[in-house]
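Visitor: I would like to go through this model term by term. Please set each value against its cut-off before drawing a conclusion.

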Amino acid sequence: MASSKPLAKFWEWGRNIICVGRNYAEHAKEMKNALPSEPLFFLKPSSAYVREGDPIIKPYYCNNLHHEVELGVVIGKKAHAVSQKAAMDYVAGYALCLDMTARDTQAECKKKGLPWTLAKGFNTSCPVSDFVPKEKIPDPHKLQIWLKVNGELRQEGETSSMIFSIPYIISYISEIITLEEGDLILTGSPKGVSAVQEHDEIQAGINGILSMQFKVAQQSR
């Protein structure tokens, strides 16, 4: 897919990060949430991106920071109201992503009926791996993703367990929000989300494709 900008560095210029929640039944169950009948999605700002070598910063207001490992889909060209059948033509590639979540803040937001921005959109809340071209992953629904904290396996899941497939998600979102080249869609997290603390080491990977590592640091005021 020809691009006017380097998709291999989508995090430097991509505008939108669109995250799908509750897209794995077991994760919805562990969070005591009902299964969605349509994709639930929310946004992160592009300032949420962080790359290996820089730390994940735990916000000063958060006492319960959770990891959620997810397959990210990088959009390669403008997509508006695309069909499920055509949706994969708009995919340029993939990345492994973490949806870092201030879980205590999210619980407060839910209780008050407020948006989740404080819980999901803070700086460094979206660690991302290197870009993987679409050609290297013939079927994104046949991947195993995993996450370890300090060497202990916390999350492991098959992308075949997604409730809503990638074509469905792209088609659904593109009717509501026009997707642009360089946009990233996080496709949901398997079960096993849990808390991390300052100095913890997070490792995550896509089996047979790549892995990444981040350290957790505390925001100072």
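Guide: Start with Pro45, which counts as partly exposed because its relative accessibility is 33%. Buried means under 20% relative accessible area, exposed means over 50%, and partly exposed is in between, with a 1.4 Å probe and protein chains only. This is a predicted model, in which local features need pLDDT of at least 70, side-chain atom pairs count only at pLDDT 80 or more, and totals for chains, interfaces and linings use all residues. Residues are numbered from 1 along each chain as its sequence is written, and side-chain values use heavy atoms, with hydrogens and water left out.

Visitor: Where does Pro45 lie, and which residues does Pro45 touch?

Guide: Pro45 lies in the loop between β2 (40–44) and β3 (49–51). Helices (H or I, at least four residues) and strands (E, at least two) are DSSP runs, numbered from the N terminus. Leaving aside residues up to four places away in sequence, Pro45 touches Ile17 and Gly121; contact means heavy atoms within 4.5 Å. The C-alpha atoms of Pro45 and Asn123 are separated by 8.5 Å, although these residues are 78 apart along the chain.

Visitor: What makes Thr124 buried?

Guide: Its relative accessible area is 10%, and the limit for buried is under 20%, so the term applies. Thr124 lies in the loop between α4 (117–120) and β9 (126–128). Beyond four places in sequence, Thr124 touches Ser47, Ala48, Val50, Pro55, Ile56, Ile57 and Met100.

Visitor: Which backbone atom does the side chain of Thr124 reach?

Guide: The side chain of Thr124 reaches the backbone nitrogen of Ile57 at 2.8 Å.

Visitor: How many disulfides does a search of the whole structure find?

Guide: The search finds 0 disulfides. A disulfide is a pair of cysteine sulfur atoms within 2.5 Å. For Cys109, the closest cysteine sulfur is that of Cys62, at 11 Å, which is too far for a bond. Cys126 is in no disulfide either, the nearest cysteine sulfur being that of Cys97, 5.1 Å away.

Visitor: Are Cys109 and Cys126 buried or exposed?

Guide: Cys109 has a relative accessible area of 7% and is buried. Cys126, at 0%, is buried as well.

Visitor: Why is the pair Arg103 and Glu68 called a salt bridge?

Guide: A salt bridge is a side-chain nitrogen of Lys or Arg within 4 Å of a carboxyl oxygen of Asp or Glu. The closest N and O atoms of Arg103 and Glu68 are 2.7 Å apart, and the pair forms a salt bridge. Arg103 lies in helix α3 (residues 103–112) and Glu68 in the loop between β5 (65–66) and β6 (69–75), so the pair ties together parts that are 35 residues apart in sequence. Both Arg103 and Glu68 are buried. Side chains of opposite charge can pair when their charged atoms come close.

Visitor: Which residues are linked with Arg103 in a network of salt bridges?

Guide: The network links Lys44, Glu68, Asp99, Arg103 and Lys120. By the salt-bridge rule, the count comes to 10.

Visitor: What separates Glu108 and Lys111 in helix α3?

Guide: They are 3 residues apart, about one helical turn. Their side chains meet in a salt bridge, with 3.3 Å from N to O. Glu108 counts as partly exposed at 35% relative accessibility, while Lys111 counts as exposed at 66%.

Visitor: How do you know that Lys112 and Glu108 meet in a salt bridge?

Guide: The N to O distance between their side chains is 3.9 Å, and the rule asks for within 4 Å, so the pair qualifies. Lys112 and Glu108 both lie in helix α3, 4 residues apart, about one turn of the helix. Lys112 is exposed, with a relative accessible area of 58%.

Visitor: How many helices and strands are there in the chain, and what makes the chain as compact as a globular protein of that length?

Guide: There are 5 helices and 16 strands. The radius of gyration is 16 Å, close to the 17 Å that the globule rule gives for 221 residues, so the chain is as compact as a globular protein of that length. The radius is taken over C-alpha atoms, and the rule is 2.2 Å times the number of residues to the power 0.38. Of the 221 residues, 51% count as buried.

Notes. Polar contact = N/O pair within 3.5 Å; in protein donor to acceptor, adjacent residues only side chain to side chain.
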